[in-house]
Amino acid sequence: MSQLILILLMVLFAWDTEGDFIANYEKHFGSQTPYRTVENNNTTPVEFPGCQPKRIWYIIRHGARAPTNTVIGSMKQNLPRIAQIIINAESITFSPQIEELKKWKLPFDTEAVLTTEGKRELSSLATRTKARFPTLFPEVYSKTHYYFRHTNVARTQSSAQSFTFGLFGNEHSKVEYATPPPIDLVLQFYKTCPRYDEEVDRNVNKEAVLFSKSERVKNVIASVNERLNLNGTLSFDDVNSMYQACVYEAASYKKSVWCSLLPFEAIEIYDFLDSLNTYYENGYTFEVTYKQACTLFKSMIDHFERKEDGPICKVYFAHHSGILKFYAHLGLFKDGHHLNHTDYEGSYQWDASKIGSFATNIAFVLYNCSGTEKVAVLFQERVITLPNCSELCDFESIKRQYKDSINNCMHDQICK
């Protein structure tokens, strides 16, 4: 009888702690983190005394999506085998999850498409943005007021359509979207940069390798095996497959049996690996990475300098590869040293879960303040400060601070 009580207590403990776990784990999904974990539900209009908003330039990552074909293929190959290993181990602590595993099927079949949750992320973002800036986002669509552009990819197109639905409801069918150019040097500048390919894409991220082979990671993998009553059966790659299933399913469907099988630190180590990889690919490691994002910066400057000419509201829909490089170009989320494998134990600003989530976004808003043009910057719907700026920064000061981005933005020269 006492053994039965102990078993029941173990099961109850697992399910009791799962509630706390679920409340926190989705905040640590790296670049697959759902936007609901960082969104700002305070829709109070963004106002500054004596200032009137005149123009807005906005860039937004697509919302939650299905995995790529490569990840789907890996899931189909590995997860049924892993599930069977866990089922065969018959861990009493995870009896409810094992029953779920027996019925589990991969919910994704089409590559990288925006999910229902991804569409919700964009439409609700639009609704909140309209509430914060009612004069910049009138409810009636006009192509002379609005300019929308997405990359030549289905998920950014769906994101744009979901955003305009949040602005205009069923009238969003009247919206016109700019045609993506064959070579997009504004939103996908990194696609045609040979120097970036040579210096970054073709080299190994040594910090990520060092971390993945560290004792800390080995101990976490061992803890996963022990937790599931396995004798070292699951490898680092196996647990990574479980993590991938967890993050994609939970981001889109708000639950995943794979998440509840993993200890919280397993979520954290793969999250940190994502931060290391996105820093290496999009951050401050290589100058070419962030310098080439000057094309995005110039797009914002050009929009604000048009004065009364052209649309008031410009909204772009792109990918984290470009947006994170743009953050680095601005000097945001920069620590005193390059992110490395030892930073797992400390604090760091380049946290992929916080800055690179689905639907991550940054808006520049031009204000007229008694005849002086000033700019506010909103990151994830909250006012932030650029380096050497206050919350409301003189437009001329921004142009001086980033003059190299304006005067020397020659993509061919940067990327040769």
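## Disulfides in the model

A search of the whole structure turns up 5 disulfides (a disulfide is a pair of cysteine sulfur atoms within 2.5 Å). A disulfide is a covalent bond between the sulfur atoms of two cysteines.

This is a predicted model: local features need pLDDT of at least 70, side-chain atom pairs count only at pLDDT 80 or more, and totals for chains, interfaces and linings use all residues. Residues are numbered from 1 along each chain as its sequence is written, and side-chain values use heavy atoms, with hydrogens and water left out.

## C193 and C415

C193 is joined to C415, S to S 2.1 Å. The two sit 222 residues apart and link distant parts of the chain. C193 lies in the loop between β3 (177–178) and α6 (194–201), while C415 is in helix α18 (residues 411–415). Helices (H or I, at least four residues) and strands (E, at least two) are DSSP runs, numbered from the N terminus.

The S-S torsion is about -95 degrees, so this disulfide is left-handed. Both C193 and C415 are buried; buried means under 20% relative accessible area, exposed over 50%, partly exposed in between (1.4 Å probe, protein chains only).

## C246 and C259

The sulfur atoms of C246 and C259 are 2.0 Å apart and form a disulfide. Its torsion is about 100 degrees, so the link is right-handed. C246 is buried at 0% relative accessible area. C259 is buried too, at 1%.

C313 is in no disulfide. The nearest cysteine sulfur, that of C369, is 19 Å away.
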